[in-house]
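Subject: Structure handover

Hello,

Here is the structure you asked about, with notes on what turned up in it. Please read the notes with the model open.

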Amino acid sequence: MRNKTLVFGASLKPNRYSNYAIQRLVANDVEVVAFGLKSGTVEGIEIQTELIEYEDIHTVTLYVNPKRQREYYNYILSLKPERVIFNPGTENPEFYRVLKEHNISFEPACTLVLLATNQY
């Protein structure tokens with residue numbers, strides 16, 4: 001297992017990109033934890049509905065629109081991730097500035113593409 005990743009905005013719906021990201025991360029031997037609005041399991045990963053103070057989060061991959069992200073800024077910062085991935089539709093220049101101020105790298109990218117091209 002490598003690069004412990006928090007899928008933030010995880011969905012139980014199989015047609016959602018966050019769901020597919022969990023599947024692909026697990027298939028690529030990445031340790032995964034997940035937060036979403038509804039609890040359940042995807043590929044053996046329990047989606048939490050409470051904000052948990054995880055240890056050793058390397059990457060937070062976002063699947064939450066920019067308007068909803070603001071309420072989670074402090075939580076994400078508290079995890080001290082090495083990077084935050086802004087998947088398509090989650091791009092947020094305001095949050096980019098906050099992350100930069102805290103020396104956390106970020107990239108507007110697609111987790112699925114990064115995995116498929118061995119750039120994760």
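A word on the annotation before it is used: UniProt positions are given in the numbering used here, and annotations may be inferred rather than shown by experiment. The model itself is predicted.

Annotated region

The UniProt record, an unreviewed entry, places the feature "domain: CoA-binding" at residues 4-115. Over that stretch the chain is 31% helix and 27% strand.

Strands S2 and S4

Strand S2 covers residues 30-35 and is mostly covered, with five of its six residues buried. S2 pairs with strand S4, residues 45-48, in the parallel sense, and two bridges join them. At Phe35, the bridge partner in S4 is Gln48.

Salt bridges

How many salt bridges does the structure hold? There are three, and they are taken in turn below.

Arg83 and Glu107 form a salt bridge in which the closest N and O atoms are 3.1 Å apart. This pair links distant parts of the chain, since Arg83 sits in strand S6 (residues 83-86) and Glu107 in strand S7 (residues 105-108), 24 residues apart. Is Arg83 buried or exposed? Arg83 has a relative accessibility of 8%, so it counts as buried; the cut-off for buried is under 20%. Glu107, at 25% relative accessibility, counts as partly exposed.

Glu94 and Arg70 form another salt bridge, with the closest N and O atoms 2.3 Å apart. Here too the pair links distant parts of the chain: Glu94 belongs to helix H4 (residues 93-101), whereas Arg70 lies in the loop between helix H2 (66-69) and helix H3 (73-78), 24 residues apart. Glu94 is partly exposed, with a relative accessible area of 28%. Arg70 counts as exposed because its relative accessibility is 52%, and exposed means over 50%.

Arg68 forms a salt bridge with Glu71, and their closest N and O atoms are 3.9 Å apart. The cut-off for a salt bridge is within 4 Å, so this pair is counted. Arg68 is partly exposed, with a relative accessible area of 32%. Glu71 has 56% relative accessibility and therefore counts as exposed.

To look at these on screen, start with Arg83 and Glu107, then go to Glu94 and Arg70, and finish with Arg68 and Glu71.

Regards

Note on methods. Residues are numbered from 1 along each chain as its sequence is written. This is a predicted model: local features need pLDDT of at least 70, side-chain atom pairs count only at pLDDT 80 or more; totals for chains, interfaces and linings use all residues. Side-chain values use heavy atoms; hydrogens and water are left out. Buried means under 20% relative accessible area, exposed over 50%, partly exposed in between (1.4 Å probe, protein chains only). Helices (H or I, at least four residues) and strands (E, at least two) are DSSP runs, numbered from the N terminus. Two strands pair if DSSP finds at least two bridges between them. A salt bridge is a side-chain nitrogen of Lys or Arg within 4 Å of a carboxyl oxygen of Asp or Glu.
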